[in-house]
Amino acid sequence: MSGTYYFVIVGHNDNPLFEVEFSSSGREVRKDDHRHLNQFIAHAALDLVDEHMLRTPNMYLKIVDKFNEWFVSAFVTASRQRFIMLHDLKNEDGIKSFFSEMYETYIKQVMNPFYSINTPIKSVHFEKKAQFYGRKFLTG
């Protein structure tokens, strides 16, 4: 399924730990055009994510908010890190699969003794995995 996606991992202090954008092959990924708007929408949805997190035992919270043409889906890890996905098309199965694979990749990153919890993720391997899963489940 094609479309535009923005994925961010948000830490305990509402700080972004990792962010990446995905776009279908026909569209150009706009790095700076909407980056600030995407960050604003994701940050604004954090309160709703926290509310949904308290009401359900599920890790995958589905669509928690909508802002203009953007849907906001969320996933909460066992350590309460929040994965936020902004997307312009509904793709529940692809997003759920992406979140599951990224959660597994995130666990491997956290288990690295050289990574400090709640700090930005700067691993090239993590970035490549995110790009791969984005192509596989979101834009492929």
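The legends below describe close-up views of a predicted model.

Residues are numbered from 1 along each chain as its sequence is written, and side-chain values use heavy atoms, with hydrogens and water left out.

**View 1. The open sheet has five strands in the order β2-β1-β5-β4-β3, with antiparallel pairing.** Strands β2 (16-23) and β3 stand at the edges with a single partner strand each, so one side of each is left without a neighbour in the sheet. From one strand to the next the twist averages 20°, taken between axes that are lines fitted to C-alpha atoms, for helices over the stretch in contact, with angles from 0 to 180 degrees between N-to-C directions. Strands (E, at least two residues) and helices (H or I, at least four) are DSSP runs numbered from the N terminus, and two strands pair if DSSP finds at least two bridges between them. Seven bridges connect β1 (residues 4-10) with β2, and Val 8 stands opposite Glu 19 in β2.

**View 2. Strands β3 and β4 form a hairpin with two residues between them.** Six bridges join β3 (residues 60-67) to the antiparallel β4 (residues 70-76), with Lys 62 opposite Ala 74 in β4. In the turn, Asn 68 has a positive phi of about 50°.

**View 3. Thr 77 lies in the loop between β4 and β5 (82-87).** With a relative accessible area of 3%, Thr 77 is buried (buried means under 20%, exposed over 50% and partly exposed in between, using a 1.4 Å probe and protein chains only). Beyond its neighbours within four places in sequence, Thr 77 is in contact with Met 59, Phe 83, Tyr 103 and Tyr 106, where contact means heavy atoms within 4.5 Å.

**View 4. Among 16 aromatic pairs in the whole structure, Phe 7 and Phe 83 form one that is edge-to-face.** Their centres are 5.6 Å apart with 90° between the planes, and the pair links strand β1 to strand β5 across 76 residues. Rings of Phe, Tyr and Trp (its six-membered ring) pair if their centres lie within 6.5 Å, with planes under 30 degrees apart counted as stacked, over 60 as edge-to-face and the rest as tilted. Phe 7 counts as buried at 0% relative accessibility, as does Phe 83. The rings of Phe 7 and Phe 99 have centres 6.1 Å apart and planes at 50°, so this pair is tilted.

Note on methods: This is a predicted model: local features need pLDDT of at least 70, side-chain atom pairs count only at pLDDT 80 or more; totals for chains, interfaces and linings use all residues.
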